[in-house]
Structures are given as structure tokens and as C-alpha cells.
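Have the sequence and the 3D view open as you read.

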Amino acid sequence: MPRKKIELFASKVVELNHVVSNVYTLSFVRKFEFVPGQVVALAINNEHEPRLYSIASGADENVFTILFDVVPDGFLTPQLIRLKEGDEVFVSKPFGDFTPEKGDKWWIATGTGIAPFVSMAKSGCNLPLKILHGSRTLDHFLYQDLFEECMGEGYLRFCTAENSDKVYSGRLTTWLKEQSSLPKQIKYYLCGNPDMVVDVRDIILEKDIDFANVKAEIYF
Amino acid sequence: MNKEALFGKTLEELKGVVKELKFPGFVAKQLVDWLYKKKVGSFDDMLNISKKNREVLKARFEVGLSTYSNVQESIDGTKKYLFKTVSDQYIEAAYIPSENRKTLCVSSQVGCKMGCLFCMTGKQGFQKNLTAGEILNQMVSINEKDELTNLVYMGMGEPMDNIDEVLKSLEIITSEWGFAWSPRRVNVSTIGVIPAMRRFIEESDCHLAISMHAALNEQRKELMPIENVYSIENVVNVLREYDFGRQRRISFEYIMFSGVNDSKMHAEALVKLINGLKARVNLIKFHPIPNSPLKGCSDEVMEKFKQILENKGVTTTVRKSRGEDIYAACGLLSTKKLVETSKGKDY
């Protein structure tokens with residue numbers, strides 16, 4: 001009996017873009033409606049297990065774009081970076097609940113965890129009061145032009161290995177800890193690797209924020 | 001550098017090794033016998049394999065068994081074992097004896113990626129997946145190895161996030177050539193990583209325990225980030241697609257948090273969600289972890305919740321807390337102090 005799996009649909013690759021070092025974007029023909037913040041399951045064929053990726057494109061675009069790090073010994077990503085325009089990938093319908101709610105919010109991300117926030121910003125969702133983005137190097141502040149333009153001083157970058165007058169030198173977590181208080185009546189959207197999400201959530205909760213105001217998406 | 005371990009390889013994999021080394025085919029059967037029946041720790045003890053072939057094996061491989069680094073004993077008899085993995089990281093396993101059962105709770109990962117709000121393991125982040133050998137080593141290297149009656153994959157890590165190695169370990173445990181345990185003695189838990197859970201259901205006959213903890217989507221999202229991608233409603237819908245037969249058990253684990261998921265409304269939502277599914281519910285007392293905003297429920301509240309479920313025909317048990325004084329109870333396993341915490345963080 002063939003194993004039951006999530007339904008995947010063939011879609012043509014439109015563009016593969018090398019962003020920086022091991023980070024790429026992949027765009028393919030969009031076939032479904034979606035809500036910014038949702039994910040798709042993506043596979044290189046209809047047999048292998050797909051992986052989940054947040055959609056980084058806007059609601060008005062004709063493509064779905066995903067943002068990914070190449071995992072050198074991984075199965076999927078080394079194959080994704082060999083794709084060419086017109087090749088097929090296999091994609092699920094969008095799903096997931098890491099979607100914007102009404103009210104004030106902060107968006108907090110590391111690395112490619114910025115993807116759902118890119119989609120939200122491009123789609124005209126209500127912008128947050130602040131975006132906090134952590135990275136080791138200056139060239140990994142992905143989509144910084146977009147956020148500089150739409151967020152101005154509300155866009156805070158934290159760089160642990162390099163300096164610039166546009167960024168805070170040091171950890172995002174250190175900056176959070178140093179705040180005497182954090183807004184209590186807003187939602188905190190966290191997206192990225194599990195270590196960051198757990199560390200940031202702990203700091204936020206230590207500052208008396210209700211855990212119901214923390215919304216987390218973990219890349220696993 | 002560590003040599004590759006043979007302990008943890010399936011019969012098929014060992015046949016591959018034997019073929020590669022140009023040994024007679026029957027040596028694979030001899031190897032599984034020494035590894036999984038006699039559980040020897042050295043190639044020198046594998047007496048029916050020729051000395052020459054043992055030397056070849058020794059040059060390329062290690063058996064792969066290792067003893068525990070530390071053990072703590074609770075006042076209730078529960079023991080917490082600490083193991084060092086081949087990559088110098090640490091995992092814990094909890095041995096839980098009761099009148100008619102001797103259960104071992106094993107880890108499947110060093111740390112965990114899932115970030116559940118109530119879990120101590122999640123607070124240490126994720127370090128690595130265990131190999132099948134490292135999972136099984138917990139079982140065969142404790143003092144009570146010959147007394148075990150049950151095994152639960154409810155220690156550190158999310159088993160479905162390491163599905164290949166978990167399935168390999170289950171194959172070794174339940175195969176005639178392996179430990180020859182009945183799959184009914186093994187229970188594997190998951191928070192509901194649906195694709196891997198489907199594989200587990202289809203490729204294994206072991207029991208399945210779903211870590212539910214909240215039946216309502218909005219509330220579960222606050223406790224468990226996984227709910228944002230694999231909702232408990234979808235998990236239950238997937239379970240409904242399968243025939244689990246008469247012997248195979250599904251259970252829902254439900255840690256009770258005071259004022260969060262412990263009301264009549266929550267109990268009724270749980271009943272509605274699993275309506276028609278042949279499953280039991282285990283209510284678990286929350287064991288507070290440092291800086292947690294959550295609090296446990298009183299015994300009275302838990303009993304009341306249980307009664308609501310039972311009145312609706314749901315078989316419900318309240319799981320007794322074990323090993324709390326040595327941090328071996330549910331949700332408390334962690335080797336965070338042994339993890340180099342700030343290494344490599346970019347935020």
C-alpha cells in the first residue's frame with residue numbers, strides 16, 4: 001500500500017537567486033491563494049518527503065518565493081540550488097496559522113526566519129511597531145531594503161560579528177534583556193531556529209509578558 | 001576519531017557490512033545474535049566468528065555499547081541515567097519501576113527543536129539526533145536491563161523529528177533476530193509531526209502517544225509552536241484514517257495547567273475532538289520548570305476533569321508523578337548544564 005502523504009502539485013521554477021553565501025531564494029509558479037505567514041511543503045519530486053518552507057512572497061505576486069539556507073549534507077537544499085527556470089518542483093497547498101492578527105505587535109527573527117515577515121510586509125499587512133532581526137554578519141540582513149523603507153527606525157538589526165552604524169553590535173537577546181520593560185499589550189511574533197525562539201521567549205516572559213501574547217514559529 | 005558502531009545496525013545493514021568485508025553471508029546472523037541476543041560489548045567475545053574476521057571487524061568498527069556516566073535515584077525508586085554520546089553530548093533516560101512494570105523512558109535526540117513552553121528539554125535547544133545505537137544503548141546499559149518490561153520514547157527529543165533512527169531502533173527491538181520484544185511493550189510519543197507520524201503508523205506496530213495538552217487550536221499554539229503548522233485537529237484527522245486494530249493503542253497525553261486547560265469547557269473540547277476514536281487519555285501533573293509562567297493543577301481539579309471525560313465514555317487515567325525529586329519526571333529531562341550554551345549563536 002503506498003504511504004499516505006500530503007498532496008503535492010507540480011509547479012514550474014521561475015527563478016533561483018543566490019542571495020548571499022549559503023542563502024538562496026527560489027520562486028515558482030503560484031497556484032493557490034495563501035495568507036502571509038503560511039508555509040508550503042516542498043519536494044524535488046513526488047516521492048521524497050517534502051520539507052516545510054515559509055512563503056516569503058507577497059499576496060499580489062504571481063509566484064511563491066521561499067528563502068532557504070543550503071544544508072551541505074542535507075537531502076533537499078543541495079538539489080534546490082541546481083534547479084533552473086522551467087524545472088518542476090512539487091508543492092503543497094499553503095497551510096499554517098502563523099498569520100497576522102489585529103493589534104500592535106513586534107516581529108522578531110533570525111536568519112531566514114525573516115521570511116514570513118517579508119511576506120506580511122509585502123502583502124500590506126499591518127506593520128509591527130518594531131522588527132528585530134539578528135544575524136552574525138552584515139550581509140545576512142535579508143530584505144533590509146524593504147524593511148528600511150517601510151519601517152524606518154522601527155527596524156532594528158543586531159549583528160554579532162561585524163559593526164556598522166546601521167546596526168546594534170551584539171546579540172538581540174542582550175538588547176532585549178537590557179530593556180527595563182517591554183510593551184505588555186502587544187503580540188510578539190517569533191520566527192527562526194529553536195534556540196532563538198526559546199531564548200527570546202524566556203526573556204520576554206521574564207519581563208512579565210503574558211505567554212498568550214507570544215506567537216512562535218520554529219524552523220525544524 | 002570514533003569508529004563506526006555495529007550496535008544499532010539492522011540485519012539488512014549488517015548483511016551489507018558482511019558483504020563488503022567479503023565474509024560468508026551467515027556472519028550477519030551471527031553478528032545480530034551477539035549484538036542483540038547476547039549483547040556482548042567486545043568483538044573478542046564473539047566466539048563463533050573466526051579470529052581473523054574478528055580482527056577485520058575490530059580494525060573497521062566498534063561494537064558501540066557504552067556505559068552510563070551517572071545515575072541518580074529518587075525516593076520513589078525512579079532512577080535517572082546520564083549517558084555521554086559519541087559526540088561528547090549528554091542524554092538522560094529514566095527507569096521507572098512499579099509493582100507490575102519496569103519501564104524505561106528513553107531519549108531520541110540531544111535536546112529538542114520543538115520549543116514547547118512547559119518542557120525543560122526544549123529550553124536547551126537542539127544539539128543532535130541520536131543514532132539507533134545510541135537509543136538502544138540506553139536500554140541495554142542500565143543496571144536493570146534484564147528486568148525491563150516496557151519502553152517509552154518520551155525522554156529528551158521529539159521522536160518523529162528523528163524518524164529514520166527511531167524506526168531502525170524499533171525494528172531491532174521488535175524483530176525476532178533482535179530483542180524480540182512485542183511491539184505492545186513499546187510506546188512512542190509525538191507532538192504531532194504529521195508526515196513522520198504517518199510513517200511511524202505505517203511502518204511500526206508500536207503504540208502511539210500524542211502529546212496533546214490542549215484541544216483548542218488557539219490555546220495549543222500558546223503552549224506548543226508546532227500547532228502553527230500541524231494542528232491537533234489535523235493530527236486527530238490523520239489518526240482517523242488508520243485502522244489500529246484491537247491491540248494497538250493510541251493515547252493522548254494531557255499535562256494539566258492551572259487556569260489554562262483545566263476547565264469543564266476544555267474537557268468537553270477534548271471529548272469532542274477525539275469523539276469516536278478508540279483512544280485513552282492520560283492526565284499528567286505539571287512539574288514546574290524554572291521561570292515558567294505555568295502552574296500545575298491540584299489533585300481535585302485533575303480528578304474532576306477525569307470524571308468529565310469518563311462520564312463521556314473516554315477512558316482516562318491520572319499518571320502518577322515519578323522521580324520529581326531528581327528531575328526525572330515528565331518534562332524535566334535536560335542536560336542543558338552540560339551544553340556549551342553560547343557556542344555558535346548568531347542572535
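## Where the chains meet

Chain A puts 35 residues into its contact with chain B, and chain B puts in 25; two residues are in contact if their C-beta atoms, placed from the backbone, lie within 7 Å. Keep in mind that this is a predicted model, in which local features need pLDDT of at least 70, side-chain atom pairs count only at pLDDT 80 or more, and totals for chains, interfaces and linings use all residues. Residues are numbered from 1 along each chain as its sequence is written, while chains are lettered from A and ligands numbered from 1 in the order in which they are written.

Helices (H or I, at least four residues) and strands (E, at least two) are DSSP runs, numbered from the N terminus.

By type, the chain A side divides into 16 nonpolar, 7 polar and 12 charged residues. Here Ala, Val, Leu, Ile, Met, Phe, Trp, Tyr, Cys and Pro count as nonpolar, Asp, Glu, Lys and Arg as charged, and the others, Gly among them, as polar.

## The core

The largest nonpolar core has 152 residues, and those with the most contacts inside it are A:I66, A:I108, A:F117, A:L190, B:F200 and B:M256. Such a core is a set of buried Ala, Val, Leu, Ile, Met, Phe, Trp, Tyr and Cys residues joined through C-beta atoms within 7 Å. Helix 2 (residues 27–37) of chain B gives the most to this core, with 7 residues. Leaving out residues up to four places away in sequence, A:L190 touches A:I108, A:V197, A:V200, A:R201, A:V214 and A:A216.

## Helix 9 of chain B

Which residues of helix 9 (residues 264–274) of chain B are buried? They are B:H266, B:A267, B:L270 and B:I274, where buried means 20 or more other C-beta atoms within 10 Å of the residue's own, and exposed means 12 or fewer. These four cover an arc of only 100 degrees around the axis, so they sit on the same side of helix 9 of chain B; the arc is that of the directions from the helix axis to the C-beta atoms. On the other side, B:K264, B:M265 and B:K272 are exposed.
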